[in-house]
Amino acid sequence: MSNHLDTDAGSELFSSYEAELKLVQADLSQKLDQITELSGEPRKSAVRLAERSLEEAQELLDQMRLEKQNIPTHTRTQINPRFRNHESDVDGLKRKLKSLSTDRSALFGSRYVDDPSNPHDEQLEQRQQLLSGTDRLGRSSQRLRDSQRIANETEGIGRDTLADLQLQRETIQHTRVTMLESEG
């Protein structure tokens with residue numbers, strides 16, 4: 001079924017973007033359906049693939065938005081509702097992907113279950129060591145930033161002091177020259 005819009009100048013490119021977007025949306029929907037069945041590393045990989053497809057859909061929407069500006073106004077009024085529908089469809093897919101990618105237990109599986117009552121929980125101990133190391137690194141980074149800030153302030157004070165000394169030297173030399181001229 002040929003669409004009347006496809007024959008207008010400028011709308012052919014829009015229609016080709018639209019067709020490509022429909023394919024990407026179908027692919028993305030299929031990937032999102034597959035994600036629900038996966039867990040662990042395969043799930044993370046599937047989420048990354050879905051994110052790439054979502055980026056592609058967003059780029060196609062951007063191209064369609066640009067191309068829509070080149071379409072005559074009388075035709076654009078017919079295209080706007082279709083474009084808004086595509087935007088809302090992509091937003092819906094984006095929300096679904098976000099909900100699937102924030103499901104921590106499905107992403108990481110059961111390997112991150114803390115058992116504080118078990119004194120031999122290696123994962124808990126490793127995470128605590130990692131957190132402790134991260135805290136130390138954060139404190140060290142802050143000390144470095146503070147030291148850098150103090151060094152910059154000290155450098156500024158030294159620069160100002162040298163400028164003041166230069167002015168005083170020039171004043172003394174000018175005074176000396178003036179005194180020698182008046183005496184002599």
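Which residue forms a salt bridge with R65, and how far apart are the closest N and O atoms? R65 pairs with E87, and the closest N and O atoms lie 2.5 Å apart.

## Basis of the report

The structure is a predicted model, in which local features need pLDDT of at least 70 and side-chain atom pairs count only at pLDDT 80 or more, whereas totals for chains, interfaces and linings use all residues. Residues are numbered from 1 along each chain as its sequence is written, and side-chain values use heavy atoms, with hydrogens and water left out.

## Overall architecture

The protein has five helices and zero strands, and its elements run α-α-α-α-α from the N terminus on. Helices (H or I, at least four residues) and strands (E, at least two) are DSSP runs, numbered from the N terminus.

Of the 184 residues, 23% count as buried. Buried means under 20% relative accessible area, exposed over 50%, and partly exposed in between (1.4 Å probe, protein chains only). The protein exposes about 13400 Å², of which carbon and sulfur atoms supply 53%; accessible areas come from the Shrake-Rupley method with a 1.4 Å probe, and for residues only the protein chains shown count as cover. Among contacts (heavy atoms within 4.5 Å) with a separation of 6 or more, residues 24 or more positions apart account for 69%.

## The R65–E87 salt bridge

A salt bridge is a side-chain nitrogen of Lys or Arg within 4 Å of a carboxyl oxygen of Asp or Glu. A search of the whole structure finds eight of them, including the one between R65 and E87. This pair links distant parts of the chain: R65 belongs to helix 2 and E87 to helix 3 (residues 73-101), 22 residues apart. R65 is partly exposed, with a relative accessible area of 32%, and E87 also counts as partly exposed, at 24%.

## Salt bridges within single helices

K31 is buried, with a relative accessible area of 18%, whereas D27 is partly exposed at 31%.

R149 and E153 form another salt bridge (3.2 Å, N to O). They are four residues apart in helix 5 (residues 122-183) and therefore separated by about one helical turn. R149 counts as partly exposed at 42% relative accessibility, and E153 counts as partly exposed at 43%. Elsewhere, salt bridges that share partners join D62, R65 and E87 into one network.

E18 is found in helix 1 and is buried, with a relative accessible area of 7%. Leaving aside neighbours within four places in sequence, E18 is in contact with M64, R82 and H86.

E20 also has its place in helix 1 (residues 11-35), but this residue is partly exposed, with a relative accessible area of 37%. E20 belongs to a negative surface patch together with E51, E55, E56 and E59. Helix 2 (residues 40-69) supplies the largest share of the patch, four residues. Patches are made of residues with over 30% relative accessible area and no salt bridge, like charges being joined within 9 Å and nonpolar side chains (Val, Leu, Ile, Met, Phe, Trp, Tyr) within 5 Å. Asp and Glu count as negative and Lys and Arg as positive, while His and the chain ends are not counted.

Methods. The place of a charge is taken as NZ of Lys, CZ of Arg, CG of Asp or CD of Glu.
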